[in-house]
Amino acid sequence: MKDDLISAARGDVQLDVAIQNVKMVNVFTGEVYPAAIGIKQDRIAHVTAPGETHLDAATTIDGNGAFAIPGWIDTHVHIESSMLTPAAYAEAVLPHGTTTVATDPHEIANVLGEEGVRYMVEASRELDLRVLTFLPSCVPSAPGLETAGADFTPAVIARMLAWEEIDGLAEVMNYPGVIQQDERMMGILAAWKQSGKSVQGHAPTVSGRDLSAYLMAGVNSDHESRTGEEALEKIRAGMFVEIRESSFSLNAGPIAATIKDKGYLPNVCLCSDDVKANHLLERGHINHVARRLIEEGIEPIDAIRYGTLNAARRLNRSDLGAIAVGYRADIVLVNDLQSLQATDVWVNGKAVVRESRLTRPQSRVEAPAYFFETVRVGELQPKDFAIRVDTAADTADIRVIEYDYAPGIPTDFMPVTLPVQNGEVMLEDYQGRKGPLNRIGVFHRHGGNQNRFVGVLAGYGVVAGAVATTVAHDSHHLAVLGTDPADMALAGNLLREKNGGMIAVHAGEVIAELPLPLAGLMSERSAHALAPDIDTFVERLQQTIMPGKNPIHRLIAVTLPVIPRAKITDLGLVDVDRQRLVPLVITAK
């Protein structure tokens with residue numbers, strides 16, 4: 001029996017679809033030339049050479065002179081960070097030309113463990129978007145420094161890597177554990193090597209011999225480079241550098257400034273990491289990352305290669321990333337190579353976007369009822385947010401987490417001396433440059449224990465009232481920031497009743513809220529329905545109690561103990577570089 005694909009490639013049987021009259025972007029040669037593309041089943045069967053005759057197909061589509069590029073590939077994303085379910089996420093990114101994403105569901109894994117990962121797999125199975133699921137490697141992200149809703153030990157990792165739906169091991173966030181050859185991390189890496197699957201990295205500010213150690217362990221990618229110098233060192237070392245433009249980390253500018261004179265680089269690709277629903281609609285997705293590189297001086301063809309061919313090679317997918325015979329028929333039409341706005345998109349040979357509109361809604365999977373009951377915290381009282389020391393003390397020297405310490409180092413510890421009254425540290429008396437000081441309470445919400453810790457922040461910008469969130473990377477406990485303990489207790493209690501999300505309180509009144517009841521991370525609404533609520537929440541924060549840029553980023557990242565240098569978890573203050581808990585109170589006298 002003859003193979004229909006081979007016969008179609010040869011011209012012996014009719015093609016299913018022919019896309020005529022396009023300007024073909026060849027990611028292998030860097031050329032752009034007139035062509036037609038023939039599709040049979042889910043594959044590209046033929047691409048015409050200049051001067052070749054018309055293709056015969058059951059369906060012929062006029063490309064109207066548009067540029068044809070391969071489908072965009074996001075090499076590293078957390079779908080949950082969009083605040084959308086997989087179906088709603090697919091509906092948001094497909095119109096931008098994204099056809100494949102490599103997702104790490106470690107947000108929901110930290111809340112709901114294996115059941116959370118299984119839900120994300122099942123909720124992605126019938127989508128038009130190709131979702132490659134990587135197994136969270138660090139749940140919790142820093143064992144011994146925090147607790148989570150699950151514990152993915154080496155044995156658990158080995159078992160789950162055997163799932164057919166798992167494409168590899170997701171970002172190895174505990175980079176100090178890898179470099180120091182921690183027993184747990186060595187066990188996790190051994191399970192990955194035994195699986196024969198791919199691996200993803202996470203190595204912020206890692207350089208020199210430490211970078212060599214990380215690479216020697218087998219982890220060969222990173223999406224955490226924030227400066228051009230850091231990215232170039234990793235590119236020179238042969239590491240895949242995933243240039244990121246997320247809702248919180250805008251890295252394309254500084255990296256492009258360093259690499260734009262280096263020509264085409266085979267080990268650079270693009271990722272979004274964490275992009276909220278409103279930004280997906282406003283800016284785009286991987287096309288936005290490529291557009292930013294072009295704006296910063298990268299050649300358009302190279303930017304396209306980074307988001308397609310290089311990305312496919314990074315993910316060990318030889319069937320993706322190019323418009324060429326035998327490749328998956330993932331094709332995007334764009335009117336120009338600067339804006340990269342998609343008009344039409346095919347995935348596996350099926351038209352999923354025509355004239356910038358989805359051709360059908362995406363299939364939704366209902367989450368179990370208990371996924372909406374994940375904020376298991378007792379009632380909070382204002383006294384829970386007090387910083388207490390010996391009642392005999394007059395002053396206390398404490399460690400304060402300072403925000404926006406330096407480029408590439410979002411936080412560090414800052415020693416502050418404050419007066420003490422009746423055993424309570426008086427934060428309100430602080431007169432420094434990054435005031436007012438904010439209190440922060442982190443409360444374990446997954447039911448595994450009663451852990452809680454209260455610390456102090458500088459530069460986080462809450463000037464009154466309180467904000468509570470259950471999106472608090474990566475263990476996603478209930479975190480409450482503010483200046484008024486009464487408002488803080490109220491915000492935390494109200495958010496518990498609403499099963500998660502974000503809420504802001506001032507003078508005993510709710511001033512803004514963003515319900516995210518699915519695992520305390522996601523909404524079940526579409527991106528178009530949710531995005532205005534995100535915008536409204538941010539605007540109200542900025543106009544009232546939390547002025548300044550990007551308030552959500554300031555809320556959700558202070559609890560992440562794998563990003564330098566100072567963080568807080570349910571167990572205490574974390575010195576990220578040394579991977580140690582350090583006391584809040586230095587001295588009290």
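A: Let's start with the layout: the protein is split into domain 1 (4–65), domain 2 (71–314) and domain 3 (371–588), with bounds that come from an automatic or database domain assignment. Keep in mind that this is a predicted model, where local features need pLDDT of at least 70 and side-chain atom pairs count only at pLDDT 80 or more, while totals for chains, interfaces and linings use all residues. Residues are numbered from 1 along each chain as its sequence is written, and side-chain values use heavy atoms, leaving out hydrogens and water.

Now to the meeting place. The C-alpha centres of domain 2 and domain 3 are 26 Å apart. In contact here (heavy atoms within 4.5 Å) are 44 residues of domain 2 and 48 residues of domain 3. Together the two domains bury about 3600 Å², with 68% of that on carbon and sulfur atoms; buried area is the accessible area (1.4 Å probe) that two parts lose on being put together, summed over both. On the domain 2 side, Met-83, Leu-145 and Phe-248 lose the most area to domain 3, together 21% of what that side buries.

What about polar links? There are zero salt bridges between domain 2 and domain 3, a salt bridge being a side-chain nitrogen of Lys or Arg within 4 Å of a carboxyl oxygen of Asp or Glu. Polar contacts do turn up: 15 residue pairs across the interface, both residues at pLDDT 80 or more. That term means a pair of N or O atoms within 3.5 Å; within protein, one must be able to donate a hydrogen and the other to accept it, and residues adjacent in sequence count only if both atoms are side-chain atoms.

Which elements of domain 2 give two or more residues to the side touching domain 3? They are helix H2 (86–93), helix H3 (106–124), helix H5 (175–179) and helix H10 (277–283). Helices (H or I, at least four residues) and strands (E, at least two) are DSSP runs, numbered from the N terminus. H3 brings the largest share, ten residues.

Finally, zoom in on His-477, in the loop between strand E23 (466–469) and strand E24 (478–482). His-477 counts as buried because its relative accessibility is 4%; buried means under 20% relative accessible area, exposed over 50%, partly exposed in between (1.4 Å probe, protein chains only). Its side chain reaches the backbone oxygen of Thr-147 at 2.7 Å, and a polar atom of that side chain lies 3.3 Å from the backbone nitrogen of Arg-445.
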